[in-house]
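I opened my notebook for a first look at a new structure.

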Amino acid sequence: MLFTSISFLYYFLPIIIVLYFAVPKKTRNFILFIASMVFYFYGEPEYIFLMLAEILIAYIGAILIDKYKKKSLFVITISIHILALGVFKYTDFILTNVNGIFHTNMALLRIALPIGISFYTFQILSYLIDVYRGKVKVQKSFLKLATYVSLFPQLIAGPIVRYETIEEELDKRKHSFENFSYGITRFTIGLAKKVLIANMLGELCNKFIIAEEKSVLFYWIFAISYMLQIYFDFSAYSDMAIGLGRIFGFHFLENFNYPYISKSITEFWRRWHISLSSWFKDYVYIPLGGNREGIKKQIRNILVVWMLTGIWHGASWNFVIWGLLFGIILIIEKLFLGKYLEKWPTFFKRIYVLFIVMISFIIFNAENMKEALQNIIGLFGANGESFINQYTIYYIRSYIVILVIAIIGATPLLRNIVLKLKENKKINKIINILEPICIITLLIITTAYLVDNSYNPFLYFRF
């Protein structure tokens, strides 16, 4: 079930909100758990038992780890979860490469990838690791742990919510009109970003893919459009998840902070998919030694983290290359480029970041490296196409408005203007009156688009 589906917006969500606030506080976790089971069953009925089994293993494993303090119990428990992720996500990738290297003909299993397994596995792992470290108390209630892992606002595409973030809120969380209002507003803004911006950019990208006559300018339009699409698609989902969480009293951490205004790749990864990059930092990079054991081991640790970051996104070599590309650039910035970057004008620093990110997402989006290389060299006219043609002109005219809106929306410009205006008390009162009207209008327009348009994917459901 997609957040951007009519069934979710006008049937599932209203029913759950009414039930949630109608029952006593002590049964609200149960309502959320059942709602999450229904939500997941709607999209993945055959894999709901896999998720429940993983929750049960984590529940029992954490209790045993906490009681006996044995490393062997910890290793066995996390190995089960990592193995489950590996089997479902990487079996065919491994078999394909073994067949290619050794010229064997082993049949691929073609196992369907359970939606959200990458996200809920990482949440389970963070919980188990933090229990083992003594950072959080073991959860004795299966219902509360199951609610944490399966919580439908962030179940299938993140952000990766750590147990410590909502540990107290599983027992005691505050509900208020302000929280509810903020949650509805944040959800609706995310919904609009997804439907009105990301989906339209996705349509433009699809036009490029199927176009028989491309041009150099069209390659650039595609690269920029996809870079914007993936930002608005994923940040919109995070907005909706954060908004839904707030409605039910949970405070999820921010996952995006205007990454396209970054002045280095290091800064970019402090602003992009924050929950994932911080997860790898705390649970892989630092345990490996971080930067504490000399430059050689630091380089090793960075490459390990970014290879894992790449492969986490998907079982394909282009994801591995995508991850290692960022790892190499981060190493270069740490070793010597960083000190020179500081002296560059801000404009050139941002162009440097945007160009690298654009190239990286061409690799990220491609089905294979051959396609990626073709789209990269196409930016420089190496595929033999003309600089511009009539098809390109047509699509520029059709999508120029949404491209301009997306570019502006990817910066904090509008947010800063609103915050500046709110400093004036009279204007702030007007904004407070207009805000709910704007949100309702956005919801109506978005609903109209959803009813009228069948193109409505979520990119991160692939991962």
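**Entry 1: the kind of model.** I noted at the start that this is a predicted model.

**Entry 2: the count.** How many salt bridges are there? I found twelve salt bridges in the count. I picked a few of them to look up one by one.

**Entry 3: D233 and K194.** I looked up this pair and found a salt bridge between the two side chains, with N to O at 2.6 Å. Which parts does the pair tie together? D233 belongs to helix α9 (residues 216–247) and K194 to helix α8 (residues 177–210), so the bridge joins parts that are 39 residues apart in sequence. Then I asked myself: is D233 buried or exposed? D233 is buried, as its relative accessible area is 1%. For K194 I also wrote down buried, with a relative accessible area of 1%.

**Entry 4: R271 and E267.** Here I found another salt bridge, and the closest N and O atoms of R271 and E267 are 2.9 Å apart.

**Entry 5: E293 and K297.** I looked up the side chains of E293 and K297 and saw that they meet in a salt bridge, at 3.4 Å from N to O. E293 is partly exposed, with a relative accessible area of 43%. K297 is partly exposed as well, and its value is 38%.

**Entry 6: a network.** Which residues are linked in a network of salt bridges? I wrote down K135, R162, E164 and D282.

Entry 7: I turned to helix α17 (residues 413–422) and helix α18 (residues 425–452), whose axes come within 7 Å and cross at roughly 125°. How are they set to each other? I noted that α17 and α18 are therefore oblique. I then looked up who makes the contact: V418, L421 and K422 come from α17, while I427, N428, I431 and E435 come from α18. Sorted by class, the contact of α17 with α18 holds four nonpolar residues, one polar residue and two charged residues.

How values were computed
Residues are numbered from 1 along each chain as its sequence is written. This is a predicted model: local features need pLDDT of at least 70, side-chain atom pairs count only at pLDDT 80 or more; totals for chains, interfaces and linings use all residues. Side-chain values use heavy atoms; hydrogens and water are left out. A salt bridge is a side-chain nitrogen of Lys or Arg within 4 Å of a carboxyl oxygen of Asp or Glu. Helices (H or I, at least four residues) and strands (E, at least two) are DSSP runs, numbered from the N terminus. Buried means under 20% relative accessible area, exposed over 50%, partly exposed in between (1.4 Å probe, protein chains only). Axes are lines fitted to C-alpha atoms, for helices over the stretch in contact, and angles run from 0 to 180 degrees between N-to-C directions. Angles under 35 degrees count as roughly parallel, over 145 as roughly antiparallel, 65 to 115 as roughly perpendicular and the rest as oblique. Contact means heavy atoms within 4.5 Å. Ala, Val, Leu, Ile, Met, Phe, Trp, Tyr, Cys and Pro count as nonpolar, Asp, Glu, Lys and Arg as charged, and the others, Gly among them, as polar.
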